[in-house]
Amino acid sequence: MKHTILHPAALLLPLALLAGCARTPDMTPVWQKTLPGSGAKATLSNCTLRDETEVDYIYSREDQNWKKYPALFTTPSPVLTLTGVTADQVELRFSEQIADLYLGYDRVMPQPKLDYIFTETADGALQYQLDTVYNYEFIVTTETGTDDFLIICEQE
C-alpha cells in the first residue's frame, strides 16, 4: 500500500479559508435611527462611522434638480440592519461619485454588481453586509413614506 504524505503548507490553506469564513460581523451599533418617512428602524454596525452628513445628489445626468441626501461615510464592510420592513420594500442601487456630487447610476448602463450579503434574520430583520468600497443608495418605501440615503464605504 502506498502512502502519500502531505506537505504541512497544504494543510494551512484550508485552515486559513475556514478561519476567514468563520469571521462573524461585529454587530455593535455605531449608528441607529428610526427613518422619518418609512418608519423603519436602521442600525449600522461592523464598521467605523467616519461622518454623517448630507451630500449633493442628482437622480440622473439630465436632472437639474440637485438635492441634499443624507449620507453615512464608513469604513468597508458595514452591516445595515433594517427592521419594520420587508425585502420588497427596500431597493439597493449603486451611486456614482463625480467630485463632490453623487449621481444615481445611469439606468441605461449596466449596473455594477454590488457586492453584498443579504440575510433575513429569524426575527424578520433585514441585514445587508456591504462587501466592497462603493456608494450604496438605499430606498426604503412603506405605506407611510419613503427614505433615501447613501452609505459611502471608503478605503481604510
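Colleague: Where does Ser77 lie?

Modeller: Ser77 is in the loop between strand E4 (67-74) and E5; strands (E, at least two residues) are DSSP runs, numbered from the N terminus. This is a predicted model, where local features need pLDDT of at least 70, side-chain atom pairs count only at pLDDT 80 or more, and totals for chains, interfaces and linings use all residues. Residues are numbered from 1 along each chain as its sequence is written, and side-chain values use heavy atoms, with hydrogens and water left out.

Colleague: Is Ser77 buried or exposed?

Modeller: Ser77 is buried, at a relative accessible area of 16%. Buried means under 20% relative accessible area, exposed over 50%, and partly exposed in between (1.4 Å probe, protein chains only).

Colleague: And what does Ser77 touch?

Modeller: Not counting residues up to four places away in sequence, Ser77 touches Asn46, Gln129, Leu130 and Asp131. Contact means heavy atoms within 4.5 Å.

Colleague: On to the sheet. What is the strand order in the open sheet?

Modeller: The order is E1-E2-E5-E9-E8, with antiparallel pairing. Two strands pair if DSSP finds at least two bridges between them.

Colleague: Which strands stand at the edges?

Modeller: Strand E1 (29-34) and strand E8 (116-120) do; each has a single partner strand, so one side of each is left without a neighbour in the sheet.

Colleague: How many bridges join E5 to E9?

Modeller: E5 and E9 run antiparallel and are joined by 4 bridges. Leu80 stands opposite Tyr128 in E9.

Colleague: Which residues of the largest nonpolar core touch the most other members?

Modeller: Leu35, Leu80, Leu82, Tyr128, Phe138 and Ile151, out of 21 residues in that core. A nonpolar core is a set of buried Ala, Val, Leu, Ile, Met, Phe, Trp, Tyr and Cys residues joined through side-chain atoms within 4.5 Å. Apart from it lies another core of 8 residues, including Tyr57, Tyr69, Tyr102 and Ile152.

Colleague: What is Ile151 in contact with?

Modeller: Leaving aside neighbours within four places in sequence, the contacts of Ile151 are Leu44, Leu72, Thr74, Pro78, Leu80, Leu130, Tyr134, Asn135, Tyr136 and Phe138.

Colleague: Different topic. How many disulfides are there?

Modeller: A search of the whole structure finds 0 disulfides, a disulfide being a pair of cysteine sulfur atoms within 2.5 Å.
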